[in-house]
Amino acid sequence: MKNENPLKWLRPLSMKIYGILEKHGKKELFISSRRAEMLYVNEDPADVIREESCRVISYMILILGIAALTAVGSVLAGSSAINGGRLARKGAEEGTADYSLSVASDDGYEEDITVSVSGQRYTGSELENFFERAFAELEKETLGKNGSAENVTEDLHFPSSIADGLISVTWEDVDHSYIYSNGDLRKEEITEPVILLLTARLEYYGEVRIHSFPVRLVPGTEEDALSFSKRLEEALKKEDLESSDTPWFRLPEVLDGSRLAWGERKKNKYLWILALGIGAAASVVPAIRSEYGKKEKAREEEMLRDYPDIISKYVLLVTAGMTCRGAWEKICSDYRNSGRKGRFAYEEMIRSEHEMRFGVSEAGVYENFGRRCGVDAYRKFGMLLSNNLRRGSRDLTLLLKSEASEAMEKRREEAARSAQEASTRLLLPMFGMLCLVFAIIMVPAFSSFGG
């Protein structure tokens, strides 16, 4: 049942690494002994741990080796960025390219430097089209959250660059009676609509363009005018502007007749860090339990699927005159001859067969079998066989037939439930296909109406 290691040629090295881990008490780093015994029935747990650990280590060695060889190959075979003493320049819209180079001189000077090569410049008609697009972008960027330049009620935004940083922007002759230098509105001064002409100087590789456009400032709503937070924000902005040439910023003590008390809000960041660390550490436990729970559930489901076949074969053989042990050995023999491998229930039966051959009492073997399986159906099966041997029971055949009928009925119920779950899972993709069909039909129809 062990997974064969496809990287046998790495086994000697992986064995040495595993030996180091074993020496330091870390031999179960990749797989625990409990998991090895549960998932690899009839195998020596120590052997399973060693082989599985070597397999994982071999994969890790292979991945690291491939990464190292790829890195070396990229260095040796990679194409050089320098072509005849030149570096390739990107297109105008692609921006700046950074090249990591080394430089050395005849007098022994050596240094590793990064050379930044700007993108190819626009020229001629392309340059004018580029500036036209920049003008539109500038106006949109300046308006910020405002819907249009004719009804400006929110703060404006004065960008220092546009077009992905290719064009630098300088604002000229801004009327600070209504607008702060950063674009925020002085709303207390705007009591009626005001039209301002904004002028920006755009520069692109020495090419300069002046662009002006009007904006219409209108008073805010009455709710904004009466909002305490708005008034406080305006007061803070005013103080910031008036005291920009002093080393101190004085917090207002009174606002509209109300005295203000200021205090620093402390941020206990270390507490959040500790909480997140504890939460992350605690989440490891349920994650591991969930992973083992899924594997154990898959094992239990497989054993339940095999149970009706096992109990039916056992009833048939006992009814035909075989002893309990003979029927047990016959089922194990048929399983071995069928070529099937890795079925947990059958492997546990083979393990019980080995125990009987080594002298363990037959009744004890059946009880151990049910306990190891950990499934109620197998516990009941094992107890029926054990009680029959310990106390004697003339109704064993009837009890086994009843158990077989009950197992088959449970199988039919499980099949029906699985079919119902499958149909439920299909509802979502079917609904998606229905929406797709509607889209295919309706989109052309609406397009024809629009035309």
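**Reading the terms on a predicted model**

Biologist: How many disulfides does the count come to in this model, and by what rule?

Modeller: The model is predicted, and the count comes to zero disulfides. A pair of cysteine sulfur atoms has to lie within 2.5 Å to be called one. A disulfide is a covalent bond between the sulfur atoms of two cysteines.

Biologist: Why is C332 called buried?

Modeller: The term needs a relative accessible area under 20%. C332 has 1%, so C332 counts as buried. C373 has 2%, so the word applies to C373 as well.

Biologist: What share of the protein chain counts as buried?

Modeller: Of its 451 residues, 28% count as buried. The accessible surface of the chain comes to about 30,100 Å², and carbon and sulfur atoms hold 56% of that area. The chain has 13 helices and 10 strands. Among contacts with a separation of 6 or more, 57% are between residues 24 or more positions apart.

Biologist: What makes S58 buried?

Modeller: Its relative accessibility is 0%, which is under the 20% limit, so S58 is buried. S58 is found in helix α3, residues 45-77. Its C-alpha atom is 5.8 Å from that of L10, a residue 48 positions away along the chain.

Biologist: Why is the pair S58 and S14 called a polar contact?

Modeller: The two side chains are 3.5 Å apart. The term asks for N or O atoms within 3.5 Å, one able to donate a hydrogen and the other to accept it, so the pair qualifies. The S58 side chain also reaches the backbone oxygen of C54, at 2.7 Å.

Biologist: D47 is in helix α3 too. Is D47 buried or exposed, and how do you know?

Modeller: D47 has 19% relative accessibility, and the limit is under 20%, so D47 counts as buried. The side chains of D47 and R50 are joined by a polar contact of 2.4 Å.

Biologist: What makes β5 and β8 edge strands?

Modeller: The sheet is open, with four strands in the order β5-β6-β7-β8 and antiparallel pairing. Strands β5 (161-162) and β8 (207-217) each have a single partner strand, so one side of each is left without a neighbour in the sheet. Helix α4 (residues 124-143) packs on this sheet and touches β5, β6, β7 and β8. The direction of α4 makes about 30 degrees with that of β8.

Biologist: How do you know that β6 and β7 pair?

Modeller: Pairing needs at least two bridges, and β6 (residues 167-172) and β7 (residues 194-204) have five, so they count as paired, in the antiparallel sense.

Biologist: Why is Y205 called partly exposed?

Modeller: Y205 has a relative accessible area of 31%. Y205 lies in the loop between β7 and β8, and has a positive phi of about 50 degrees although it is not a glycine.

Methods: Residues are numbered from 1 along each chain as its sequence is written. This is a predicted model: local features need pLDDT of at least 70, side-chain atom pairs count only at pLDDT 80 or more; totals for chains, interfaces and linings use all residues. Side-chain values use heavy atoms; hydrogens and water are left out. Buried means under 20% relative accessible area, exposed over 50%, partly exposed in between (1.4 Å probe, protein chains only). Contact means heavy atoms within 4.5 Å. Axes are lines fitted to C-alpha atoms, for helices over the stretch in contact, and angles run from 0 to 180 degrees between N-to-C directions. Accessible areas come from the Shrake-Rupley method with a 1.4 Å probe; for residues, only the protein chains shown count as cover.
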